[in-house]
Amino acid sequence: MAIYRFRVTFEDYEDVYREIDMPSKSTFLELHHAIHTATGYDVERSSSFYVSNDQWKKGTEIAYQPNDRKKAAGVLEMELIKMSKFIDDPHQKFYYIYNFDRPYDFHVELIKILKEEDGKTYPAIFKSVGEVPKNITAANFPVAGADDDDDDDYVDESGEEYGVDEEDDYDMFDDEEEGGEEDGQSEKGMSDDY
């Protein structure tokens with residue numbers, strides 16, 4: 001059986017990547033799980049692979065936990081699709097978005113096709129470079145909901161703007177000039193040479 005070696009790189013952290021060996025008969029769901037075994041992220045997040053070209057343009061979507069809209073549009077589901085179906089190129093690329101709530105974008109590129117090694121368990125992490133960014137889950141952030149009050153959007157325009165009252169009108173600098181500094185002389189009789 002053929003083994004696909006993929007390099008999985010964070011789009012925004014190109015110096016952080018994992019190389020993962022996958023059997024050619026594997027599904028995209030198995031690749032999804034292997035990526036998160038290598039990163040330590042929660043696999044139970046809505047995610048998608050997109051078949052891509054050399055410029056990382058998104059093509060056919062292969063989704064995990066697709067929403068109703070995607071299901072109605074007939075999106076392919078990871079657990080049903082074998083990777084070999086979309087490997088047309090020895091350097092095939094997939095654009096991968098993990099966790100649509102707080103997304104991380106990955107570039108997944110086939111870098112080598114190998115023969116299966118006897119006694120080796122697959123999928124296997126071949127190489128691990130760099131420390132993955134800390135995963136920020138949606139639970140850490142308040143999310144606006146339908147029951148939120150609209151009062152949060154109200155701004156009181158009658159008060160100070162940026163800490164300055166309209167009455168102040170920046171007069172504080174004029175007071176200093178009137179009170180003691182004339183013709184470049186300070187109160188101590190020394191000239192200001194700056």
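Guide: Let us start with Thr9, which is in strand β1. Please keep in mind as we go that this is a predicted model. Is Thr9 buried or exposed? Its relative accessible area is 13%, and the cut-off for a buried residue is under 20%, so Thr9 counts as buried.

Which residues does Thr9 touch, once its neighbours within four places in sequence are left aside? Thr9 is in contact with Glu14, Val16 and Tyr17, and also with Asp105, Phe106 and His107. Strand β7 covers residues 104–115, and that is where you can look for Asp105, Phe106 and His107.

Now move along to Phe10, which lies in strand β1 too, a strand that spans residues 2–10. Phe10 is buried, with a relative accessibility of 3%. The whole structure holds 13 aromatic pairs, and one of them joins Phe10 to Tyr41.

Another edge-to-face pair is made by Phe28 and Phe94, with 5.2 Å between the centres and 80 degrees between the planes. Phe28 belongs to helix α1 and Phe94 to strand β6 (residues 93–98), so the pair links parts 66 residues apart in sequence. Both Phe28 and Phe94 are buried.

Lys58 lies over the face of Tyr50, 5.2 Å from the ring centre. Lys70 does likewise over the face of Phe100, at 4.2 Å from the ring centre.

Next, a few backbone details. In general, most residues other than glycine have a negative phi, and most peptide bonds are trans. Trp56, however, has a positive phi of about 65 degrees; you will find Trp56 in the loop between β3 (47–52) and β4 (58–64). Gln65 has a positive phi too, near 55 degrees, and its place is the loop between β4 and α2 (68–72). With 38% relative accessibility, Gln65 is partly exposed. As for the peptide bonds, the one from Tyr122 to Pro123 is cis, with omega near -5 degrees. Pro123 is in the loop between β7 and β8 (124–129).

Finally, let us step back to the whole chain. How many helices and strands does the chain have? There are three helices and eight strands, and along the sequence they follow the pattern β-β-α-β-β-α-β-β-β-β-α. Of the 194 residues in the chain, 34% are buried, and Thr9, where we began, is a buried residue. Among contacts with a separation of 6 or more, 59% are between residues 24 or more positions apart. The chain exposes about 13300 Å², with carbon and sulfur atoms supplying 45% of that area.

Methods: Residues are numbered from 1 along each chain as its sequence is written. This is a predicted model: local features need pLDDT of at least 70, side-chain atom pairs count only at pLDDT 80 or more; totals for chains, interfaces and linings use all residues. Side-chain values use heavy atoms; hydrogens and water are left out. Helices (H or I, at least four residues) and strands (E, at least two) are DSSP runs, numbered from the N terminus. Buried means under 20% relative accessible area, exposed over 50%, partly exposed in between (1.4 Å probe, protein chains only). Contact means heavy atoms within 4.5 Å. Accessible areas come from the Shrake-Rupley method with a 1.4 Å probe; for residues, only the protein chains shown count as cover. Rings of Phe, Tyr and Trp (its six-membered ring) pair if their centres lie within 6.5 Å; planes under 30 degrees apart count as stacked, over 60 as edge-to-face and the rest as tilted. A charge sits over a ring if NZ of Lys or CZ of Arg is within 6 Å of the ring centre and within 35 degrees of the ring normal.
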